[in-house]
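Let's learn to read a protein model together, one feature at a time.

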Amino acid sequence: MRGFGRYALAVYSVIALTFIMIPIVYTIVFSFNDARRTNIIWRGFTFDNWLQVCRAQDVCIAFGNSIIVALVATLLATVLGTMIAIALVRYRFRFRAATTLLLFLPMATPEVVLGAGLAAQFLAAGVQKGLVTIIIAHTMFCISFVVVTVRARVASLDPALEEAGRDLYGSPRQVFWRITFPLLLPGIIAAAMLSFALSFDDFIITNFNAGSTMTFPKYIYTAAARGIPAEANVIASAVFFLAIVIVIVVQVTNAARRKRLALR
Amino acid sequence: MAFGAFSSGAAPGVATVQEGPRRKSRVALFLLLPGIAYLALFFLVPLISLLLTSFMAPREFGDIGQFDYAFRWENYVKVVETYLPHILRSFGYAAIATVLALIIGYPLAYFIGVNLRRFPLVQALALVLVIAPFFISFLLRTLAWKQIFADEGPVVGALNALSLMGPGDHITGTPAAVVFGLTYMFIPFMTLPIYTSLERLDLRYVEAGGDLYASPWTTFRTVTLPLSMPGVVSGTLLTFIPASGDYINASRDFLGSTETAMIGNVVETNFLILQNYPAAAALSIILMATILILVGAYVRKSGTEDLV
């Protein structure tokens, strides 16, 4: 593709990227809106929403719940998923195909079905819905994504390094914690970040299993009919900026690491 | 194990290949059991629970929301009769949104993955822009579109001024708005896998096409597109599956209206508000079964079965 074609493709892509950014910019801009009750019409610029985020108490409580859920679910899913990923790459076992299918299915199931299924089970078992049931649900759908992410890392690991550890009389435990784990760590961190993001932004499954407990997305859904306070935009924007910074730091560190390895 | 240790000392190259199967299966069991048990308990059992619920019958003289286990397959007939428009709408909207997201996502992925190769920094920046939506609440993004397209918003105002829209016309609440929202929501899910397969595309194949006097279009159709097919397949699945079950965009409080309700909306209403659990469960099962059949046929047809 040359000349006109390449130029057209560049223009098309810039338009597409702008299109992607429109509602993001809109959300951030409206976090600075001097809105009183409903944050729909622009009334002027202010920092007040940022300085007094917890003025809208419900938003802060919902945000706190979301953080708790995301942290616990991420921890559980990362541990369980990493163990499965190591087993899948390193060991032959019976029911391997069944295991892979069991890991793939949650990713191929629409969230409504996952949410309704779990809710039906909690209903049948008479479990009271709340923070715990949300955490159970989030851990469930995060595991598969952790496995997929970490498995790629385990597969690219050079077994000779662990071999060397064993040759130097390292116990299995030492070999794992001193060699395998540090080498897997970038993959595990990536998986944990993905889990956190998935859990933090999940609404559909949460809605079926939360009972009266509020999470940040559920708060927005419930408040959508009567208008979202600008403080919700503040929290979403702050999370956005933080995530972008993390992504850039990770990118830069990875680039530096590759450079260092290439120099050796 | 002893033999494994011996062979690893004698010929490390061979040993690394054989190492896996020779290790103790007890370790494998220890690694697998907790996670698999978790998925069995909180994914498989709920699916079975959902299936059982879908056949339940209302309890005699019971309150709303009280049901007993039964085998009322009529539940399925009833939901299909009642909600056929919603079922068709779900798959229709999802299919259109998938095609639109592909039309937007493929060229974008090609540009970032191929044309921007020589500029790693710009490429990295463009990728961050593609994944940026993941970092900000999708509900707020959808609400942002709702306000942009609202009757008193800028777009309707402009179209009214150009007399392209009458005073009684709306954008929000129409099927077009819902499809628009779905398309927007899944562009990153479509773009990223296609980018991943195009980023690794060996450009010498494309050059070879040109050297053999193929037109750019023929080269694209016979070389580039087949090589990027795994990305296209994952992208379309990552879009179509969640889009058909989505109920945010079609919701009355977001981009839709009661005339745009999809399966997800009906499941939500029946489960959480009407407490008609069997109907919600039957609809969920229909949704899941249809998706599995469609996806199975699609994956077989596109010839990329090693997706998992």
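Predicted model: local features only at pLDDT ≥ 70, side-chain atom pairs only at ≥ 80, totals over all residues.

Q: Which residues of chain A does the annotation "domain: ABC transmembrane type-1" cover?
A: An annotation comes from a record, and here the unreviewed UniProt entry puts that domain at residues 63-252 of chain A. Over this stretch, chain A is 83% helix and 0% strand, with 29 Å between the end C-alpha atoms.

Q: How many residues of chain A are in contact with chain B?
A: To read an interface, look at both sides: 69 residues of chain A are in contact with 72 residues of chain B. Helix 1 of chain A, residues 4-29, gives the largest share of the chain A side, 13 residues. By class, that side has 53 nonpolar, 10 polar and six charged residues.

Q: Where does UniProt place the feature "transmembrane region" in chain B?
A: The unreviewed entry lists residues 27-52, 91-112, 124-144, 174-195 and 279-299 of chain B. Take two of these: residues 124-144 of chain B are 71% helix and 0% strand, while residues 174-195 of chain B are 95% helix and 0% strand. Their end C-alpha atoms are 26 Å apart over residues 124-144 and 32 Å apart over residues 174-195.

Q: Which residues have the most contacts inside the largest nonpolar core?
A: That core has 147 residues, and those with the most contacts inside it include Ile84(A), Ile220(A), Leu182(B) and Phe186(B). Leaving aside neighbours within four places in sequence, Ile220(A) is in contact with Ile228(A) and Ala232(A), and also with Ser137(B), Leu139(B) and Leu140(B).

Terms used:
Residues numbered from 1 in each chain as written. Chains lettered and ligands numbered in written order. UniProt positions renumbered as here; feature names shortened; annotations may be inferred. Helix = DSSP H or I, 4+ residues; strand = E, 2+ residues; numbered from the N terminus. Contact = placed C-beta atoms within 7 Å. Nonpolar A, V, L, I, M, F, W, Y, C, P; charged D, E, K, R; others polar. Core = buried A, V, L, I, M, F, W, Y, C linked by C-beta atoms within 7 Å. Buried ≥ 20, exposed ≤ 12 C-beta atoms within 10 Å, placed from the backbone.
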